[in-house]
Amino acid sequence: MASEYLVSFLGAAQASLSVLLTIGVGVVAAQFGLVTTKAAEEVSRLCIRVFLPCLLIVKLGSELSLDTAVRYVPIAVWALISTTTSVFIGKAAKAFFGLPAWAVPAIAFNNTESLPLLLLESLETTGVLATLIGSGEASKGIERARTYFLACSVVSNTISFSQGVKWITGEQQSSDEESQQTQEDGQRGDASEETGSDGSDGSDSDNDDSSRGPSERTSLLPNKVIGWEHKIKNGVGSKLEDYFYSSPKSVQKALAAIGAFVNPPFIGAAIGLIIGLSPPLHRLFFNDMDEGGYLNAWLTSSLKNVGQLFVSLQVVVVGVKLSLSLRLLKKGEDAGKLPLGTVLCVTFVRFVLWPLISIPLIWALATYTNLLTDDPMLWWALMMMPIGPTAMKVLALADVGEASQSIRMSIARFLTLSYIITPIISFAVVGALEAAKAAKQ
């Protein structure tokens with residue numbers, strides 16, 4: 001038992017050290033002026049809107065099939081329950097203890113993407129998981145676990161990117177959105193008048209912009225294509241707006257609520273789900289060429305290469321923000337506050353409370369019910385899903401919501417600190433392993 005604790009502790013320490021070294025790359029790059037804070041914010045948005053959807057398409061599409069789809073039902077249900085419970089815990093802690101607004105998503109969303117993938121690599125190297133699923137099945141089991149964690153991240157991302165921004169920015173973000181919406185509503189009539197009876201589509205303004213000289217926003221498409229694009233966009237967009245605003249208020253609210261949950265990671269997951277559950281598409285994307293996989297060598301490979309950038313770049317961005325915070329701290333300026341109570345509260349929920357809840361609960365479900373499939377790796381992954389440090393995407397939420405620089409630097413400092421203490425997750429790793437073994441017997 002002592003050796004298992006030591007091996008798992010070393011595996012968790014290696015995963016944490018890997019994350020910290022990657023953060024250090026961002027710090028060094030920022031210190032030497034290789035990347036600016038603004039560029040890091042743009043990379044952060046790129047990771048969420050492009051790289052993560054590509055990763056979800058490849059991982060979910062390759063692992064999902066009509067035969068294995070039943071495995072992912074309890075993952076989606078458990079991810080929804082655990083994330084929603086964490087949100088309620090975060091809001092209650094904020095109300096009772098006076099925590100800052102960003103503590104809510106810090107408690108609600110743990111890292112189900114980069115850290116678990118790095119942790120699995122370390123555990124595979126040390127051979128810890130072989131005791132659970134057998135040495136011959138270790139590599140296949142770990143691939144399944146990677147997909148399980150990414151499937152969990154779909155639910156977490158859907159909630160975080162639809163609601164997380166306003167939890168960080170508070171009422172100011174809501175009021176800004178309302179005022180912006182009011183301005184757009186007021187300008188809608190003006191835009192229709194500017195279109196004119198001659199059918200002009202406003203593309204002249206783009207021509208005027210291009211006449212001023214090329215910039216990074218200048219389109220590379222021919223003017224005819226740009227004109228067609230504006231005609232289609234204005235025609236379809238105006239009709240959809242007319243339908244939306246002419247519908248009853250209840251329908252508008254329902255559509256707005258649904259639209260809030262539709263984001264790039266959700267779309268990527270939906271595409272992966274469709275590809276995985278459609279045998280012809282699954283064959284086209286993931287089979288070998290001689291077995292009908294005509295898209296595997298070029299399209300799937302491209303999506304995989306782009307998706308793999310997400311894990312490391314998201315962590316590098318944290319390092320860039322941390323570098324700015326350290327520079328301001330050295331100058332005696334506002335580098336973001338990091339209250340000790342917030343650190344202790346988030347750490348308790350993520351590393352103590354959730355292990356005490358998830359491990360016994362999943363063990364009981366695996367032992368006494370038939371709700372879970374006979375896959376010990378699935379049991380272990382379900383136990384570990386709510387456990388671990390705060391997700392890196394909390395900083396991306398602050399970037400997307402254009403939170404103040406002080407808030408962003410506070411989050412960057414907190415994330416770095418949380419990954420320094422991440423090796424304590426080893427106790428949960430071993431506890432989940434022993435519980436999964438007990439359920440297997």
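The model is a predicted one, in which local features require pLDDT of at least 70 and side-chain atom pairs count only at pLDDT 80 or more, whereas totals for chains, interfaces and linings use all residues. Residues are numbered from 1 along each chain as its sequence is written, and side-chain values use heavy atoms, with hydrogens and water left out.

The secondary structure of the chain comprises 20 helices and zero strands, where helices (H or I, at least four residues) and strands (E, at least two) are DSSP runs numbered from the N terminus. Of the 441 residues, 45% are buried, a term that denotes under 20% relative accessible area, with exposed over 50% and partly exposed in between (1.4 Å probe, protein chains only). Among contacts (heavy atoms within 4.5 Å) with a separation of 6 or more, 84% are made by residues 24 or more positions apart.

Three cavities of 30 Å³ or more are present in the structure. On a 1 Å grid over the protein atoms alone, a cavity is a set of points where a 1.4 Å probe fits but cannot get out, and lining residues have an atom within 4 Å of a point; grid points are joined across faces, edges and corners, and a volume is the space filled by probe spheres set on the points.

The largest cavity, with a volume of about 80 Å³, has a lining of nine nonpolar, one polar and no charged residues, the nonpolar class being Ala, Val, Leu, Ile, Met, Phe, Trp, Tyr, Cys and Pro, the charged class Asp, Glu, Lys and Arg, and the polar class the others, Gly among them. Helices H5 (114-126) and H17 (376-384) each supply at least two residues of this lining, and H5 gives the most, with four; the lining includes Asn 111, Phe 149, Trp 380 and Ile 425.

The second largest cavity has a volume of about 70 Å³, and its lining divides into five nonpolar, six polar and one charged residues. Helices H3 (69-97) and H7 (138-169) each contribute at least two residues to this lining, of which H3 provides the largest share, three residues; among the lining residues are Ser 82, Thr 83, Ser 86, Cys 152 and Arg 350.

Neighbours within four places in sequence aside, Arg 408 is in contact with Glu 41, Lys 321, Leu 395, Ala 398, Asp 399, Glu 402 and Ala 403.

How values were computed:
1 Å grid on protein atoms, 1.4 Å probe; cavity = no way out; pocket = protein on both sides within 12 Å on 5 of 7 lines; lining within 4 Å.
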